[in-house]
Amino acid sequence: MDNIYLGTTLVAIRIRRFAEGTAPMTAPEEALQLLTLKYPEGHDIKPHRHRPRKRVTAVLQECLLVIRGKIRVDLYDETGTCFRKIVARAGQAVVLLGVAHGVRFLESSRVYELKNGPFIDDKEFL
């Protein structure tokens, strides 16, 4: 896992591989909670549910999960200057914690994009 900072602020996380067991990739206070699960055949997670709780978030966070291919995620600061380029391949993910970004598909790719909702059309182009 690579933590990416803009100054002292954590703005993105690149997940390169899965740790054994259940491993949180984002901090508990983040709006988007991402965990990896890696267990051997036959392992069981006990049946459970999550009790409804009101959750309020003021930020939009995204996770790009690369299933096939290769992408590059460009990160931008408040002035619109690209300060970091991150490459992610099949089996890897990039979590964006509210930072401006663009995505270049370096190969024909399949990518899941997950983000907290509900959906609001709020894109602001640089």
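**Reading a predicted model**

A: The largest pocket has a volume of about 960 Å³, and the model in which it is found is a predicted one.

Q: How does one look for such a space, and which residues lie nearest the centre of the largest pocket?

A: The general idea is that rolling a probe the size of a water molecule over the atoms shows where empty space is left. In this structure the lining of the largest pocket is made up of 26 residues, and those nearest its centre are L60, E62, H101, D122 and K123. The elements that give two or more residues to that lining are β5, β9 and β10, and the largest share, four residues, is supplied by β9.

Q: Is E62 buried or exposed, and how far away is the nearest side chain of opposite charge?

A: The general idea is that side chains of opposite charge can pair when their charged atoms come close. E62 is buried, and the nearest side chain of opposite charge, that of K115, is 4.5 Å away. Because a salt bridge requires the nitrogen and the carboxyl oxygen to be within 4 Å, E62 has no salt bridge, although K115 is among the residues that E62 touches.

Q: How many salt bridges does a search of the whole structure find, then?

A: Such a search finds six salt bridges. One of them joins D2 to R14, with the closest N and O atoms 3.0 Å apart. This pair links distant parts of the chain, since D2 sits in strand β1 (residues 2-6) and R14 in strand β2 (residues 9-15), twelve residues apart.

Q: Which other residue forms a salt bridge with D2?

A: D2 also forms a salt bridge with R16, and here the closest N and O atoms are 2.6 Å apart. R16 lies in the loop between β2 and β3 (21-24) while D2 lies in strand β1, so the pair ties together parts that are 14 residues apart in sequence. Taken together, D2, R14 and R16 are linked in a network of salt bridges.

Q: Which side chain does E20 meet in a salt bridge?

A: The partner of E20 is K38, at 3.3 Å from N to O. E20 is in the loop between β2 and β3 and K38 is in strand β4 (residues 35-38), so that this pair, too, links distant parts of the chain, 18 residues apart. E20 is exposed, with a relative accessible area of 61%, whereas K38 is partly exposed at 35%.

Q: Could we read a loop residue next, and ask what the side chain of S109 reaches?

A: S109 lies in the loop between β9 (100-105) and β10 (110-115), and with a relative accessible area of 21% this residue is partly exposed. The side chain of S109 reaches the backbone nitrogen of K70 at 3.0 Å, and a polar atom of that side chain lies 2.7 Å from the backbone oxygen of E107. Apart from residues up to four places away in sequence, S109 touches R68, G69, K70 and I71.

Q: Finally, how many helices and strands are there in the protein?

A: The protein has zero helices and ten strands. The C-alpha trace spans about 50 × 35 × 30 Å along its principal axes, and buried residues make up 27% of the 126 residues. Of the contacts with a separation of 6 or more, 60% are between residues 24 or more positions apart.

Note on methods. Residues numbered from 1 in each chain as written. Predicted model: local features only at pLDDT ≥ 70, side-chain atom pairs only at ≥ 80, totals over all residues. Heavy atoms only, no water. Buried < 20%, exposed > 50% of the residue type's maximum accessible area, 1.4 Å probe, protein only. Lys, Arg positive; Asp, Glu negative; His and termini not counted. Contact = heavy atoms within 4.5 Å. Polar contact = N/O pair within 3.5 Å; in protein donor to acceptor, adjacent residues only side chain to side chain. 1 Å grid on protein atoms, 1.4 Å probe; cavity = no way out; pocket = protein on both sides within 12 Å on 5 of 7 lines; lining within 4 Å. Points joined across faces, edges and corners; volume = space filled by probe spheres on them.
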